[in-house]
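Dear colleague,

I am handing over the structure we spoke of. The notes on what was found in it follow below.

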Amino acid sequence: MVIGIDSTLLLGYYQAKSGLGTSSAATGTGAVTNKVAPTPPWQAQLTPKQVSASVTAALAGRKIIDENAAQLDLAGAGSDYRKLFALYQGIGTLSELANQIKEPGVNSGEKSRLQQVFAKGMTELQNYVGSADLEKLRLAFGDVTASEKAKLTVAKAPDKYVTAPIATSTSEPVPAFEGDVKFNIQVTRLKETFDVAIDLSTMPDQTRSLPNVINYINDQLKAAGVDTRFGTDRIPGEPKQIKAGAQTITLPAGPDQWALKVTVGLAEEVTFSSPQSAGAVYLAQEIGDADPDRNSKTNDGTIQQQLLKFQTDTDALDAPPQASGQANWVDGRVFAKNLDSKITAVRAQAMGPDGSVYMLADVGGTVNGQTIKGADDVALLKYDAAGNLIYTRTLGAVSEATGLALAVSDDGKVAIAGSVKGELEGATEGALNSGTTGGFAGLTDSFVTLFDEDGQELWTQRRGARQDDQVNQLAFGADGTVYVAGQAKSAMPGGGGALGDWDGYVEAFATDEQDKVTTLFTQTFGGEGGDKPKGLVVDGTNVVVASVENGRAVLRRFDVSGETPVELASRDLGDLEGGDIEGLALDANGQLVLVGTTSNPQLSVDTVTNPAAGGQDVFAARIAKDLSVSANDRLAYYGGAGDDRATAMGVADGEVWIAGISKSDLPDQAPVGKQDGFLTKLDINTGAVAWSRRFTGVSDRAAPSAIAVAPQGASVLDRLGLPTGKLSLDGTEQITAVSAVRPGDQFTVKSGGLTKTVTIEADDTLDNLALKIRRASGFAAKVTVSTNVEGQRTLKIEPASNTAVIEIGAGKGDTNALLQLGIAEGVVRNTKSDKDGKSISADGKPNIYGLGLHTGINLSDTDQISHALAELAAAQDAIRQAYKDLVAAATPKSAQNAAAAAAAAGKAPAYMTNQISNYQAALDRLTAGSSSGSTTAGLFGL
């Protein structure tokens with residue numbers, strides 16, 4: 001079917017848009033007979049044979065831009081026309097390559113070839129534009145503007161710390177201040193330390209209201225001679241929306257709330273501590289229902305990720321009071337904080353040596369103000385003990401990534417790992433499957449990233465097989481070596497041959513004093529079936545891996561002291577019967593603790609301290625670290641008569657903590673919602689439950705996903721919303737900390753014929769970057785950093801004078817920083833108006849025409865193809881405009897007046913009629929599908 005279109009409508013539209021009217025100055029027809037310019041290629045309709053020939057030539061390795069092929073039908077025409085026509089035709093060839101990849105019947109090999117030729121052609125196009133020597137105009141590969149404003153915004157680092165709300169009145173007693181409230185404030189200024197003890201029992205005999213307590217604390221701080229002060233922060237009450245079935249109900253605004261605010265003095269550091277502490281557990285969970293009405297066509301999901309903190313010891317410390325307005329509260333819960341809506345899953349948590357909590361999460365967009373490069377990415381988040389965010393670090397995957405493992409060393413370094421598809425900027429490539437095109441496109445590779453104690457990325461390693469692979473587990477050795485355990489569908493580089501379906505593998509990375517990373521070894525292990533490592537511990541020069549191998553729980557111990565791991569022992573605990581392993585740890589007594597889920601009531605451990613209850617149960621086993629069978633081995637099951645599942649585990653100070661999901665009864669705990677979460681301290685030696693809580697969430701559903709155990713992590717500071725340890729203000733101005741830009745990413749600045757490279761360093765701020773750009777431009781650029789009323793800072797680039805022209809170019813390969821900075825490739829210059837009121841370059845030189853293209857245009861997927869076609873079409877429009885302006889400049893005034901008169905009469909020149917025919921033919925092709933796969937197939941029969 002061909003959709004017709006009234007050509008007179010298109011004719012009128014394009015006459016109005018062209019500004020040429022019926023002038024035949026360019027065509028030699030009509031009222032004006034003196035031809036001033038050669039006929040452009042867009043006036044001639046290309047035949048399918050000509051289109052096929054251009055694509056065939058490109059596939060054969062010929063240049064896409066050929067000045068010799070550009071035909072000029074006017075003797076003595078300037079060379080600018082030939083170059084513009086060659087450029088136009090070359091862009092047309094690139095468009096046809098993009099169209100061909102969409103044709104039916106194009107196989108993966110042919111697509112790969114088209115993608116490679118297209119990429120080569122884009123490089124040729126960029127080089128041609130950069131080197132073209134034109135007489136009466138100038139070209140820019142990207143945009144041409146009077147200024148360029150970076151889209152990246154950086155929040156100014158705050159000097160205030162605001163807690164969660166603790167009061168609903170400024171005159172009434174505050175429950176959090178009741179009882180024995182004692183804590184210490186240590187203020188360090190330069191090299192001097194001031195210790196300030198706060199004991200509310202020494203307050204004057206007055207109500208412990210918010211103003212009274214704040215005044216008392218500030219009196220103590222003032223007496224100590226420090227500048228840090230406490231204050232209040234008002235949180236206005238707002239209406240709330242809740243969902244009842246398919247309906248959304250708006251509730252009236254609640255009361256105003258007040259939080260504590262700590263304003264840190266100039267050059268001061270603040271640390272909080274408490275004389276009394278108790279055990280704590282941090283828990284990540286997913287609450288809500290993805291499809292409450294069970295109708296996939298409606299968008300009524302309520303999924304939300306949360307961070308919870310529980311005080312697990314009420315003998316050492318009074319239980320925290322229930323905070324106002326907290327839904328689904330249970331005894332002992334300190335807080336439940338909703339995480340950023342773009343956090344789609346929390347994979348792991350770990351405690352830092354400073355008492356902070358690290359979280360590994362998958363994110364589906366800009367998270368906590370930090371942009372990502374692809375559709376999905378991995379984020380490392382750090383929270384203080386009060387649950388306030390300290391920082392967010394994204395991985396920088398161009399396509400998508402999944403975080404699966406997290407580990408923190410004793411000196412505060414943090415390692416994360418998982419899987420990545422597509423490009424991973426900044427990674428040291430060691431993968432056989434690391435491209436985004438070709439036979440391995442869409443497959444996953446393993447990655448490992450190491451951060452220092454300040455959250456700065458030290459290195460990223462990408463390793464992988466030809467087929468899918470990923471890292472599942474991480475652990476640090478005592479010397480800082482990073483050990484990983486993962487799985488691969490084919491042989492890992494250097495790890496030996498493939499053994500079966502999914503194979504397990506162990507690997508190790510070491511960092512020298514210059515932060516250079518070395519792969520120490522890679523070793524494949526497993527059986528003929530599917531293998532999935534689910535636990536990893538380091539014991540001196542030995543590594544123990546727990547895996548699900550062909551459905552069975554298997555532990556293997558390796559000696560890693562040499563160049564190649566040597567398997568010393570293995571132990572099979574039995575068939576999990578559809579269950580899984582959730583983790584492996586080494587307890588305080590030097591025994592291994594393995595936790596998981598099984599339907600098998602007779603796993604291979606002789607002494608069972610608590611039998612299985614029925615259905616699917618949680619299990620926890622304690623066995624010798626050398627994997628020998630010992631009289632000290634113990635096994636305890638946990639669960640009710642229905643199906644229960646472990647989802648996370650942690651071991652600290654010999655105590656075993658298990659989080660999971662239950663839809664039925666649990667020991668001494670009845671169901672609360674439709675799907676409940678639970679947190680349990682299980683004594684494996686006796687089988688007794690030492691502490692347990694059951695809870696639910698929005699839509700009566702909760703699913704814990706990660707835990708971190710802090711044996712002394714709870715204190716009276718929890719009541720006040722204050723963290724234990726150093727006060728870390730939520731905010732940094734470092735570019736690499738608030739975006740996906742990585743140290744070493746680059747872009748170029750060209751001015752006065754000189755091109756300089758600007759390289760992003762780890763501690764760069766917008767102010768540092770502004771100075772670098774000014775210097776790279778030879779101070780031809782005026783670069784300013786402004787702050788809006790919300791404290792958001794942005795960078796703007798302008799010419800410092802009318803004669804200044806600054807060209808901004810992309811960095812090479814995967815080091816291009818422009819995309820994440822939000823700075824467009826192109827030229828920044830000032831303009832002025834000529835005598836006819838037309839805007840021209842202020843430097844007095846020929847006008848600059850921007851093609852509006854950018855480095856990185858590709859044909860990797862459907863969206864990228866559509867984007868490429870749109871940009872290429874816009875580039876051809878820019879060339880047509882440049883041609884139009886050349887013609888206008890060469891056309892005598894009398895001829896222009898005649899053309900204007902003809903336009904008023906409604907006549908169209910012959911070239912415009914031909915152009916409309918081209919548009920109609922293109923429309924016919926798009927709507928009728930006239931192209932066929934046979935054409936494409938013929939192109940590859942070279």
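Strand 38 is joined to strand 39 (residues 655-662) by eight bridges, and the two run antiparallel. Within this pair, valine 651 has valine 656 of strand 39 opposite. Please keep in mind that this is a predicted model.

Both strands belong to an open sheet of four strands, ordered 38-39-40-41 and paired antiparallel. The edges are taken by strand 38 (644-652) and strand 41 (689-695), each of which pairs on one side only. From one strand to the next, the twist averages 15°.

**The chain as a whole**

The protein chain holds 13 helices and 52 strands. Of its 942 residues, 50% are buried. As for contacts between residues at least 6 apart in sequence, 63% of them join residues at least 24 apart.

Five bridges hold the antiparallel pair of strand 5 and strand 11 (residues 257-263). In that pair lysine 160 faces threonine 263 of strand 11.

**A hairpin**

Strand 31 and strand 32 form a hairpin, with six residues between them. The pairing of strand 31 (residues 552-559) with strand 32 (residues 566-575) is antiparallel and covers eight bridges. Alanine 553 is placed opposite glycine 574 of strand 32.

The axes of helix 2 (residues 48-59) and helix 3 (residues 79-100) come within 9 Å of each other and cross at roughly 90°. The two helices are therefore roughly perpendicular, since angles of 65 to 115 degrees are counted that way. On the side of helix 2, the contact is made by Val51, Ser54, Val55, Ala58 and Leu59. Helix 3 contributes Thr93, Glu96, Leu97 and Gln100. By type, the residues of this contact divide into five nonpolar, three polar and one charged.

Helix 3 has 22 residues and spans 32 Å from its first C-alpha to its last, close to the 32 Å expected at 1.5 Å a residue. Helix 3 is also mostly covered, with 19 of its 22 residues buried.

Helix 4 (residues 108-131) has 24 residues and reaches 35 Å between its first and last C-alpha, close to the expected 34 Å at 1.5 Å a residue. Its buried residues include Leu114, Val117, Phe118, Met122, Leu125 and Val129. What covers the buried residues of helix 4 includes helix 2 and helix 3. Strand 1 (138-140) and helix 10 (862-890) are also part of that cover.

**Two residues with positive phi**

Two loop residues may be worth a look on the display. Leucine 627 has a phi near 70°, a positive value in a residue other than glycine. Leucine 627 sits in the loop between strand 36 (617-624) and strand 37 (634-638). Is leucine 627 buried or exposed? Its relative accessibility is 5%, and because buried means under 20%, leucine 627 counts as buried.

Phenylalanine 779 has a phi near 65°, also positive in a residue other than glycine. The loop that holds phenylalanine 779 runs between helix 8 (766-776) and strand 46 (781-787). At 53% relative accessibility, phenylalanine 779 counts as exposed, because the cut-off for exposed is over 50%.

Regards

Note on methods. Residues are numbered from 1 along each chain as its sequence is written. This is a predicted model: local features need pLDDT of at least 70, side-chain atom pairs count only at pLDDT 80 or more; totals for chains, interfaces and linings use all residues. Side-chain values use heavy atoms; hydrogens and water are left out. Two strands pair if DSSP finds at least two bridges between them. Axes are lines fitted to C-alpha atoms, for helices over the stretch in contact, and angles run from 0 to 180 degrees between N-to-C directions. Angles under 35 degrees count as roughly parallel, over 145 as roughly antiparallel, 65 to 115 as roughly perpendicular and the rest as oblique. Contact means heavy atoms within 4.5 Å. Ala, Val, Leu, Ile, Met, Phe, Trp, Tyr, Cys and Pro count as nonpolar, Asp, Glu, Lys and Arg as charged, and the others, Gly among them, as polar. The expected span of a helix is 1.5 Å times one less than its number of residues. Buried means under 20% relative accessible area, exposed over 50%, partly exposed in between (1.4 Å probe, protein chains only).
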